[in-house]
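Below is a short report on one chain. Look over the fold as a whole, then follow a single helix through it.

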Amino acid sequence: MNSDATNLAAWAATDEKSRGRRYTEAPPTFRGEFQRDRDRIIHSTAFRRLVYKTQVFVNHEGDLYRTRLTHSIEVAQIARTIARALQLNETLCEAICLAHDLGHTPFGHAGQDALNECMKSYGGFEHNLQSLRVVDELEERYAAFPGLNLTFETREGILKHCSLNNARQLGDVGERFLKREQPSLEAQIANLADEIAYNNHDLDDGLRAGLLTIDELREVPVFRRQHDVVLATYPEVSDRRLIHEVVRRMINYVVTDLIETSAAAIGEAAPADVDAVRQHSGSLIQFSDPVRTEHLELKRHLRDHVYRHYRVLRMTNKANTVISGLFETFFKRPELLPTEHFESARDLESQAGEAGRARAVADYIAGMTDRYAITEYERLFDPAKRS
């Protein structure tokens, strides 16, 4: 086994101390356990689909907007930087980040909200839980087991939040929610790297789409500070380069603060090992109070000016129409599903009744790309479209 544990802090997750996999496997020869996880995620069908799944803007609206795939890669890059600086496990961080959106629906959060509404009477729908379901059950690649059979540590990191009711049904990865324990530091990093990436990159995409203006953004302190520095240093810079300079400096600013604040918190807590991290009263990966406040101010500005912009709300409305239409039709008439999904619906219904059938339909819809969902909707409802 290839491991870099000698370079890691005592409280880092390591291959040697992993809690293992759901199905026992021989250890990898030239890779570590978390490397194997990362590689399995990258080779999965769900990961490839992310290239055609929305971040904020629907995939066909433009080629340069971020997708779930590019977002996941950007999250992983930020997380690896933080992990290396804190002597934590980069590879585990990367695996968690690359897998964290595998269960996301088409049409971004609008799609998740629509599918959750459809599933309200059948246990609901939440993309974190679906990501875990994808890696535990839905991927079909290996002869010896369902899913990807990832390590406990990667699966723990994928499940960022969870209701107590759901936690009781999830076995090992649900226990920390029942015991009110923390996840590994690597999982904590992945969670905040996700926030850093989507805050700053949704800002970038919002400017590119014309939903935001620089003048409006100067009302946000974390943007104004970096914007004024860039303009003072490069007064003749073009708008495109100005935006890129500001965004990259914003990311550097919050990442640097996160590393320095977290290093101090870890040093004060001095956990003996990863188990001590889990038993700590709160997260040790954290922003300073001033930067957390600025981070939330940017988040609120994006909510008000991007996510609630009429153009995005129109997409939200379309997403609701498409997903609710697909769900209602397939739930009432599961024989219209492609054969393998019809068989899954039949099997799950035999185990859990209508809730099982609904879950199979939700699995099918959640796995769709934006374009495929639109096409499938047209096949069902457009008389001129071939089925």
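This is a predicted model: local features need pLDDT of at least 70, side-chain atom pairs count only at pLDDT 80 or more; totals for chains, interfaces and linings use all residues.

H16 itself runs over residues 310–332. That makes 23 residues. From first C-alpha to last, H16 reaches 33 Å, close to the 33 Å expected at 1.5 Å a residue.

Which residues of H16 are buried? Val312, Met315, Ala319, Val322 and Ile323 are among them. Gly325, Leu326, Phe327, Thr329, Phe330 and Phe331 are buried too. An α-helix has 3.6 residues a turn, so residues three or four places apart point the same way.

Now the whole chain. Its secondary structure comes to 19 helices and zero strands. The C-alpha trace spans about 60 × 50 × 35 Å along its principal axes.

Packing comes next. Of the 387 residues, 52% count as buried. Take contacts between residues at least 6 apart in sequence: 70% of them join residues at least 24 apart.

Last, surface and charge. The accessible surface comes to about 18100 Å², and carbon and sulfur atoms account for 48% of that area. The chain carries 50 positive and 59 negative side chains. The centres of these two sets lie 3 Å apart.

Methods
Residues are numbered from 1 along each chain as its sequence is written. Side-chain values use heavy atoms; hydrogens and water are left out. Helices (H or I, at least four residues) and strands (E, at least two) are DSSP runs, numbered from the N terminus. The expected span of a helix is 1.5 Å times one less than its number of residues. Buried means under 20% relative accessible area, exposed over 50%, partly exposed in between (1.4 Å probe, protein chains only). Contact means heavy atoms within 4.5 Å. Accessible areas come from the Shrake-Rupley method with a 1.4 Å probe; for residues, only the protein chains shown count as cover. Lys and Arg count as positive and Asp and Glu as negative; His and the chain ends are not counted. The place of a charge is taken as NZ of Lys, CZ of Arg, CG of Asp or CD of Glu.
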